[in-house]
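The points are grouped by topic.

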Amino acid sequence: MSNDNVFSLFFFVTLFTCLVAAIAQDGHIFLPSQLNQDNSLSSSSSYAAADSKLNQRPVIGILSHPGDGSSGRLSNVSDVSYIAASYVKFVESGGARVIPLLYNESPQNLNKKLDLVNGVLFTGGWATSGPYLQTLQYVFKKALERNDAGDHFPVLGLNLGGNLLIKIVADQGDVLETFNASSLLSYLQLWSSANDEGSLYQRFPSDLLSLLSIETLVLHNHKYAITPRKLQYNRNLGNFFDILATSTDRDDKIFVTTARGKNYPVTVNLWQPEKNAFEWATSLKAPHTENAVRVTQSTANFFVSEARKSSNKPNAQEVRDNLIYNYQPTYGGAAGKGYDQVYLFQ
Ligand SMILES: *[C@@H]1O[C@H](CO)[C@@H](O)[C@H](O)[C@H]1NC(C)=O
Ligand SMILES: *[C@@H]1O[C@H](CO)[C@@H](O)[C@H](O)[C@H]1NC(C)=O
């Protein structure tokens, strides 16, 4: 045999031995990644025990925001409100359904819908006062009451929604400062509490976690935020929130980008997870890399996993009658700016 032939024979025998070894375990073929990750296998089996206690049909309420979300391109009706479809897709991708909570509907309707959901999401936007703020404040209060009454009822405030929660908890108008963070791709600096049980970042795969400070995987698009020092030294905020992550703006000023309630499942997040996978306006520069999309998915998994801990199991027909599927999204992205699709309520 020539040297080449000996080498080929050796190669194929080795390959065959490896395949047999891989197939031999339980008759299943394990991919290399599965053979190395006992980490993920063991954590999934520890979740399995708790599965029976979880609510596997979670429903999320999303509060609508005043306007058409498209600067009048879609509707100028004065009491129109909208939910960008990206938030709905975000929730759906985590395995939950959505019921729209209209900021301007009657308190009776709002209460009825709040009884049908397992958590609420406050979106980005521009409105910081008036009926929108009042309704957001009301829904937040109801969410805290639900937790006080023993249900696990998560709240996720994204961008403006998060900033409003910070202002409400602070009970002080001027805790936010201006930052240079409009359409800014960012790194995240994780704080030690990011490792706490039940926190957003604890749900990220470990390789993705370590990339957050190396790759710009999140988009900030806001002019206001709070400094870590102010959050910690404001008595109300310091008592309520732990800081999970900070980012740096264009002027090297550091702001809190993720905070989490110490005693309530409330998460405030200034970067916008829904955009990486679901918004395509070129002016915004949302990152669309595979890792950026994994950030979206991990965040959705986190939020919906929190909602599964809610024991609220409402009447199935009432849920269906109120789902966002009773509305059709409208394409608003043809202008190449703003949201790609919005649900309009008018
Ligand atoms: C709303 O008003 C603006 C300004 O007058 C106009 O350009 C736009 O076409 C209107 N939108 C609709 C949907 O009619
Ligand atoms: C924001 O940062 C950019 C780039 O560093 C700078 O040109 C701009 O003046 C800053 N804007 C404000 C409002 O400070």
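Two residues are in contact if their C-beta atoms, placed from the backbone, lie within 7 Å. The model described here is predicted. Its secondary structure comes to 13 helices and 14 strands, and buried residues make up 40% of the 346 residues in the chain. Of the contacts with a separation of 6 or more, 74% are accounted for by residues 24 or more positions apart.

**Loop residue Glu-279**
- Glu-279 is found in the loop between helix H11 (273-278) and helix H12 (290-307).
- Beyond its neighbours within four places in sequence, Glu-279 is in contact with Ser-86, Glu-274, Leu-284, Ala-286, Tyr-339 and Asp-340.
- Glu-279 counts as buried because 21 other C-beta atoms lie within 10 Å, where the cut-off for a buried residue is 20 or more.
- A distance of 9.0 Å separates the C-alpha atoms of Glu-279 and Gly-333, which are 54 residues apart along the chain.

**The eight-stranded sheet**
- An open sheet of mixed pairing is formed by eight strands, in the order E4-E1-E5-E6-E12-E11-E10-E8.
- Strand E4 (97-101) and strand E8 (189-190) stand at the edges with a single partner strand each, so one side of each is left without a neighbour in the sheet.
- The partner of E4 is strand E1 (residues 59-63), and the two pair in the parallel sense over five bridges.
- Within this pairing, Leu-63 has Leu-101 of E4 as its bridge partner.
- Packed on the sheet is helix H7 (residues 160-170), which touches strand E5 (120-122), strand E6 (155-158) and strand E12 (266-269).
- The direction of H7 makes about 110 degrees with that of E6.

**Helix H7**
- H7 is largely enclosed by the rest of the structure, because ten of its eleven residues are buried.
- The buried residues of H7 are Leu-160, Gly-161, Gly-162, Asn-163, Leu-164, Leu-165, Ile-166, Lys-167, Val-169 and Ala-170.
- These buried residues pack against E5, E6 and E12, and also against helix H6 (130-148), strand E9 (218-225) and helix H10 (235-240).

**Surroundings of ligand 1**
- The residues around ligand 1 are Gly-72, Leu-74, Ser-75 and Asn-76.
- This shell divides into one nonpolar residue and three polar residues, with no charged residue.

Conventions: Residues numbered from 1 in each chain as written. Chains lettered and ligands numbered in written order. Predicted model: local features only at pLDDT ≥ 70, side-chain atom pairs only at ≥ 80, totals over all residues. Near = placed C-beta within 6 Å. Nonpolar A, V, L, I, M, F, W, Y, C, P; charged D, E, K, R; others polar. Pairing = 2+ DSSP bridges. Helix = DSSP H or I, 4+ residues; strand = E, 2+ residues; numbered from the N terminus. Axes fitted to C-alpha atoms, helices over the stretch in contact; angles between N-to-C directions. Buried ≥ 20, exposed ≤ 12 C-beta atoms within 10 Å, placed from the backbone.
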